[in-house]
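Have a look at the model first, then read on.

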Amino acid sequence: MGYSIGEFSALTQLSIDTLRYYEKEQLIAVRRDAAGRRCYMEEDIGWIHFIKRLKETGMPIKEIKTYALLRYEGNSTMMERLDMLKRHRLFVLAEQAKWDSHLSHLEEKIQIYEDRIGNSLLEKSSSSS
């Protein structure tokens, strides 16, 4: 089953402009119907979701493009794609550690404020008794 760009936009929750940009940047190879209109296929949905995930985890468009071009070359590029994903995993793990550290510091600060506010309320209630 094929989808028009509008239908595909709704399915993937990406704007039509973004889909055109992805095509221009060679992140996705889009089939065309007899009239030259874009025709997205079912398997394109999973690919777009993967592209979105790579972007959300901080992979630059340039690297996603490299990955996409390798993907379209076929199985002979699997080792290169695996290496790319392993490198990206290391990046994501480093980012995760950084965010865990930031979160820990925020939680410490929140605890300080909660303790001070709680102590202040206790002092006020005991002084008014």
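What follows covers two helix pairs, one after the other.

Keep in mind that this is a predicted model. Helix H3, residues 42-56, turns up in both pairs: its axis comes within 11 Å of the H1 axis, and it also packs with H4.

**H1 with H3**

- H1 spans residues 5-12, and its axis crosses that of H3 at roughly 50 degrees.
- As for handedness, H1 and H3 make a right-handed crossing.
- On the H1 side, the contact uses Phe8, Leu11 and Thr12, which meet Asp44, Ile45, Ile48 and Lys52 of H3.
- Sorted by class, that contact has four nonpolar residues, two charged ones and one polar one.

**H3 with H4**

- H4 covers residues 61-73, and its axis lies 10 Å from that of H3, at an angle of about 150 degrees.
- Since angles over 145 degrees count as roughly antiparallel, H3 and H4 get that label.
- This crossing, of H3 and H4, is right-handed.
- H3 brings Trp47, Phe50, Ile51, Leu54 and Lys55 to the contact, while H4 supplies Ile61, Ile64, Tyr67, Ala68, Arg71 and Tyr72.
- By class, the H3 and H4 contact has nine nonpolar and two charged residues, with no polar ones.

Technical notes
Residues are numbered from 1 along each chain as its sequence is written. This is a predicted model: local features need pLDDT of at least 70, side-chain atom pairs count only at pLDDT 80 or more; totals for chains, interfaces and linings use all residues. Side-chain values use heavy atoms; hydrogens and water are left out. Axes are lines fitted to C-alpha atoms, for helices over the stretch in contact, and angles run from 0 to 180 degrees between N-to-C directions. Helices (H or I, at least four residues) and strands (E, at least two) are DSSP runs, numbered from the N terminus. A crossing is left-handed if the near helix is turned anticlockwise from the far one by less than a right angle, and right-handed if clockwise. Contact means heavy atoms within 4.5 Å. Ala, Val, Leu, Ile, Met, Phe, Trp, Tyr, Cys and Pro count as nonpolar, Asp, Glu, Lys and Arg as charged, and the others, Gly among them, as polar. Angles under 35 degrees count as roughly parallel, over 145 as roughly antiparallel, 65 to 115 as roughly perpendicular and the rest as oblique.
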